[in-house]
Amino acid sequence: MNRVILIGNGFDLAHDMKTSYQHFITSFWQKKKENILSSTDWNNMHVFTYEDEYFEIKSREPRSSLLRKLSNYSKFNWYDCLPSPYIKSVPDNSIYTELVFKNNFLKRISNKQALKDWVDIEIEYYSALLECIDNDEAILKLNEDFRTIKIALLKYLSEECEKNPPQNDFIWNNMFASLEEKDLVLFLNFNYTRTLNSYTYETRGTQTINIHGELNKPDNPIIFGYGDEMDDSYSKLEKINNSGFLEYIKSIRYSLTTNYQDMLSFLESDDFEVYIMGLSCGLSDKTLLNTIFEHQKCKSIRIFYHQKDSVNDNYLETYINISRNFNNKKLLRSIVFPKPKCVALS
């Protein structure tokens with residue numbers, strides 16, 4: 001039986017790669033803080049301004065006071081110490097420091113500390129998208145802000161991917177366990193990184209499809225957005241005569257390469273089992289995952305879950321996410337392996 005291995009961000013994390021959303025946003029704000037702390041734009045009147053494409057800070061207080069205020073915040077949301085928006089009129093002797101965002105989507109995701117996975121950001125984008133219905137200017141601004149965040153993300157991942165993590169023998173053994181010589185393996189990689197490369201061997205009949213694109217590969221551009229055409233609100237977006245509402249819908253972006261059709265060709269070739277390694281299976285990929293999970297030739301689904309500590313893991317969380325990608329719940333219960341038949345990826 002052929003095997004389809006779904007590779008998600010948890011696969012990178014199992015190799016000690018700092019590629020999660022939390023890694024990105026923490027690094028983003030830490031660097032911004034360092035830029036501000038090292039800025040020389042101060043004068044004798046203690047007036048300070050900092051501005052980039054994301055936000056602007058204006059301050060009129062002693063330099064030592066502002067530096068101490070910023071330094072005391074170590075988390076990514078250190079800017080909580082700065083009020084916004086600007087006070088329009090203040091006495092000349094007032095001491096104040098204020099921040100205003102230019103990128104509203106950055107403000108939106110930074111202020112929600114509950115967001116932890118990339119799928120959460122994509123769902124947040126979709127929520128913001130629905131709020132823009134009947135407002136053409138708002139969708140232009142949202143997509144511009146989202147595009148800017150995407151560029152920052154790709155820059156961060158490109159730097160992180162300069163590392164070359166070693167192969168994990170336990171993971172490798174599980175990937176290829178119980179395969180017969182005639183069996184084929186498809187790695188369906190949802191990551192943009194190259195961590196998977198050391199596991200792919202042509203001699204084992206493997207094929208890799210980087211379904212969401214690759215870093216620095218113009219012929220396989222990065223896909224970052226939302227992908228649930230089954231959502232009740234999606235039809236509303238399709239009916240709007242403004243292509244901006246569909247610009248970052250994944251199923252639209254799949255048309256830029258042959259990746260999706262290549263995946264379908266593999267699924268049709270023979271019966272297959274699915275291994276899930278580090279993929280959350282969230283709703284932002286529902287269109288694609290439903291196609292795989294409810295395919296007539298999909299015979300089983302095995303979860304390689306994350307062992308958080310000696311007691312807690314994310315098996316049930318992943319199972320719940322998988323269930324949301326099934327229309328046929330009876331099929332769900334018959335082909336998804338129960339926890340005792342699954343193992344921890346990390």
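Trainee: Let's start with F55: which residues does F55 touch, leaving out those up to four places away in sequence?

Mentor: Keep in mind that this is a predicted model. To read contacts, look for heavy atoms within 4.5 Å. On that basis F55 touches W29, K32, I36, Y50, L99, V100, F101 and K102.

Trainee: And which residues touch the most other members of the largest nonpolar core?

Mentor: A core like this is made of buried residues such as Leu and Phe, joined through their side chains. Here the largest one has 47 residues, and F55 shows up again: F24, F55 and L129 touch the most other members. Two or more residues each come from α2 (21-37), β2 (47-51), β3 (55-60), β4 (96-101), α4 (104-110), α5 (118-131), α6 (136-160) and α8 (234-239).

Trainee: Which element gives the largest share of this core?

Mentor: That's α6, with nine residues. There's also a second, separate core of 35 residues, and V4, V274, L289 and I292 are among them.

Trainee: L289 and I292 are in that second core. How many residues of helix α11 are buried?

Mentor: Buried means under 20% relative accessible area. By that cut-off, seven of the eight residues in α11 (residues 286-293) are buried, so the helix is mostly covered. The buried ones are K286, T287, L288, L289, N290, I292 and F293.

Trainee: What classes of residue make up the lining of the largest pocket?

Mentor: There are 16 nonpolar, 18 polar and eight charged residues in that lining.

Trainee: How about the second largest pocket: which residues are closest to its centre?

Mentor: That pocket has about 270 Å³ of space. It is lined by 14 residues, and F28, K31, Y54, A152 and K155 are the closest to its centre. Both α2 and α6 give two or more residues to the lining. By class, that lining has six nonpolar, three polar and five charged residues.

Methods: Residues numbered from 1 in each chain as written. Predicted model: local features only at pLDDT ≥ 70, side-chain atom pairs only at ≥ 80, totals over all residues. Heavy atoms only, no water. Core = buried A, V, L, I, M, F, W, Y, C linked by side-chain atoms within 4.5 Å. Buried < 20%, exposed > 50% of the residue type's maximum accessible area, 1.4 Å probe, protein only. Helix = DSSP H or I, 4+ residues; strand = E, 2+ residues; numbered from the N terminus. Nonpolar A, V, L, I, M, F, W, Y, C, P; charged D, E, K, R; others polar. 1 Å grid on protein atoms, 1.4 Å probe; cavity = no way out; pocket = protein on both sides within 12 Å on 5 of 7 lines; lining within 4 Å. Points joined across faces, edges and corners; volume = space filled by probe spheres on them.
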